[in-house]
Amino acid sequence: MSNKKKPAKSSKKFAAYPRLNPLGVGRNISAADLVDSALLAYNGGRLREAAHLLTRKMLPKNGFIGMSLTGALTPAGLGKSCIIPLMKAGFVDWVVSTGANLYHDLHFGLDMALHQGSPFLDDVMLHRDGVIRIYDVLFDYNVLLDTDAFVREVIAGPEFQKTMGTDEFHFLLGKYVAARQRKLRIKDSSVLATAFECGIPIFTSSPGDSSIGMNVAAMAMRDSKLQFDINRDVNQTAAIVYHAKSGGHTSSVLIFGGGSPKNFMLQTEPQIQEVMGIQERGHDYFLQCTDARPDTGGLSGATPAEAVSWGKVDPDTLPDCVVCYADSTIAMPLLSAYCLSRHRPRNYKRLVDHRDQILERVKSKYLKTGTVTKILTSRKVAKRASTVGLKK
Ligand SMILES: NC(=O)c1ccc[n+]([C@@H]2O[C@H](COP(=O)([O-])OP(=O)(O)OC[C@H]3O[C@@H](n4cnc5c(N)ncnc54)[C@H](O)[C@@H]3O)[C@@H](O)[C@H]2O)c1
């Protein structure tokens with residue numbers, strides 16, 4: 001009798017792992033089929049998992065989806081090509097974006113021209129010719145000047161003469177962009193205008209950090225009364241997540257890039273648990289497409305596992321979370337095509353229409369559960385104390 005160990009049956013050892021069995025890419029293959037049949041490993045594999053997470057867990061049962069946007073996405077045309085179709089299909093319920101993406105979105109809503117250029121041009125010559133460059137995207141300096149003037153003229157109106165959350169501000173701005181689109185006989189060109197039409201709140205985490213914020217600041221020196229209520233934004237975003245979770249829905253974050261909008265979207269959970277003292281477990285699903293690495297300790301590259309430690313993501317759903325290290329200009333069109341072909345459109349939640357009630361709901365819960373002194377968190381680690389920093 002031989003002592004040789006019999007090799008374990010491959011069916012048992014690999015039971016959890018489907019055979020890597022690619023099909024040849026056919027000439028008429030759809031983007032969704034390409035994702036399923038040819039993106040099988042490494043970041044291709046993560047992109048396929050991301051597509052499945054979106055269509056099989058995040059979108060079903062009317063789950064809430066917050067999308068965060070960083071990187072120069074709208075100048076690359078991703079507003080028109082992907083974000084607007086996703087919004088119109090009811091696949092995005094709320095947004096946190098850099099002001100830059102919203103500012104550059106305005107060029108499309110105002111029908112201004114951006115051009116496909118090259119990253120290898122002489123920037124001194126471009127400057128002389130009045131051409132602005134974002135890597136390989138080019139546009140005339142007048143695009144900036146005209147967009148700035150549009151922002152200033154709109155916000156000089158009576159509706160804007162008050163303090164408001166950035167969601168309300170973007171909703172009002174979107175109304176004027178939508179009106180300009182109608183005048184220009186163009187449609188589905190601007191994320192801001194589409195968000196206005198679909199009732200999708202858009203927040204920005206650093207309102208001063210964009211040309212929109214720069215124009216708002218300049219107008220303040222002309223006695224404009226427009227101010228941003230940052231506290232309202234922090235509470236309103238937390239309120240949206242509380243509204244989702246307390247209503248029995250999942251809360252998912254769909255993160256493109258990283259930066260401050262990523263944290264602004266994720267911090268809603270610690271705001272509910274750690275600051276307001278309301279029992280909660282974290283966002284249900286986390287999907288990020290980024291170029292940022294985790295080993296620098298930076299926020300942009302922080303993994304969903306790290307987010308679990310902060311209470312931002314539910315530990316039970318961590319195995320479902322996906323990080324895909326891919327340029328958003330590649331990942332977003334593929335993910336958009338996949339969702340649009342594999343999931344039916346959803347009804348709009350129109351969260352902007354209920355913003356006061358949504359905020360009131362978390363406020364009344366917080367006033368019951370929260371304290372000024374150290375809170376008892378749902379993680380049951382804290383003891384009440386009001387002597388922080390006083391004890392030797
Ligand atoms: N005119 C304006 O209003 C204004 C103001 C600020 C910034 N900007 C411009 O906006 C652009 C974006 O600025 P930002 O604040 O988002 O910072 P950023 O471009 O550094 O992006 C933030 C993070 O997102 C990730 N990221 C960026 N692009 C990505 C991509 N294509 N794919 C995957 N991940 C990506 C990176 O990890 C990065 O750390 C820049 O071109 C900037 O110059 C314009």
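Which residues of H12 are buried? In this predicted model, the buried residues of H12 are Gly259, Pro261, Lys262, Asn263, Phe264, Met265 and Leu266.

Helix H12 covers residues 259–266. Seven of its eight residues are buried, so H12 is largely enclosed by the rest of the structure.

Helix H5 (99–109) is another such case. Eleven of the eleven residues of H5 are buried, so H5 too is largely enclosed by the rest of the structure. The buried residues of H5 include Gly99, Ala100, Asn101 and Leu102, and Tyr103, His104 and Asp105 are also among them. Just after H5, Asp111 takes a positive phi of about 60 degrees.

## The chain as a whole

The protein chain has 16 helices and eleven strands. Its radius of gyration is 23 Å, close to the 21 Å that the globule rule gives for 392 residues, so the chain is as compact as a globular protein of that length. Along the principal axes, the C-alpha trace spans about 95 × 65 × 45 Å.

Of the 392 residues, 42% count as buried. Among contacts in the chain with a separation of 6 or more, 77% are between residues 24 or more positions apart.

## Around the ligand

The ligand is surrounded by 22 residues, and the closest are Gly71, Ala100, Ser210, Gly257 and Ala292. H5 gives the most, with three residues.

By class, the shell around the ligand has six nonpolar, 13 polar and three charged residues.

## Helices H2 and H15

How are two packed helices described? The description uses the angle between their axes and the distance between the axes. For helix H2 (residues 31–38) and H15, the axes come within 8 Å and cross at roughly 105 degrees. That makes H2 roughly perpendicular to H15.

On the H2 side, the residues that meet H15 are Ala31, Ala32 and Val35. Their partners in H15 are Leu334, Ala337, Tyr338, Ser341 and Arg342. By class, the contact of H2 with H15 has six nonpolar, one polar and one charged residues.

## Tyr338 in H15

Tyr338 is found in helix H15. Is Tyr338 buried or exposed? Tyr338 is buried, because 25 other C-beta atoms lie within 10 Å, and the cut-off for a buried residue is 20 or more.

Leaving aside its neighbours within four places in sequence, Tyr338 is in contact with Ala31, Ala32, Val35, Ala51 and Thr55. Tyr338 and Ser30 are 308 residues apart along the chain, while their C-alpha atoms are separated by 9.0 Å.

Asp93 lies in the loop between helix H4 (78–88) and strand E2 (94–97). Asp93 is buried, with 26 other C-beta atoms within 10 Å. Apart from neighbours within four places in sequence, Asp93 is in contact with Phe64, Ile65, Gly66, Ile200, Lys349 and Leu351. The C-alpha atoms of Asp93 and Ala244 are separated by 11 Å, and these two residues are 151 residues apart along the chain.

Glu197 has its place in helix H9 (residues 191–198). Glu197 is partly exposed, with 19 other C-beta atoms within 10 Å. Glu197 and Lys88 are 109 residues apart in sequence and 9.1 Å apart in space, C-alpha to C-alpha.

## Positive phi in two loops

Tyr135 is found in the loop between strand E4 (131–134) and strand E5 (137–140). Although Tyr135 is not a glycine, it has a positive phi of about 50 degrees. Tyr135 counts as exposed, with 12 C-beta neighbours inside 10 Å.

Arg350 lies in the loop between H15 and helix H16 (355–369). Phi of Arg350 is near 45 degrees, a positive value in a residue other than glycine. Arg350 is partly exposed, with 13 other C-beta atoms within 10 Å.

Note on methods. Residues numbered from 1 in each chain as written. Predicted model: local features only at pLDDT ≥ 70, side-chain atom pairs only at ≥ 80, totals over all residues. Near = placed C-beta within 6 Å. Helix = DSSP H or I, 4+ residues; strand = E, 2+ residues; numbered from the N terminus. Nonpolar A, V, L, I, M, F, W, Y, C, P; charged D, E, K, R; others polar. Axes fitted to C-alpha atoms, helices over the stretch in contact; angles between N-to-C directions. Parallel < 35°, antiparallel > 145°, perpendicular 65-115°, else oblique. Contact = placed C-beta atoms within 7 Å. Rg over C-alpha atoms; globule rule 2.2 N^0.38 Å.
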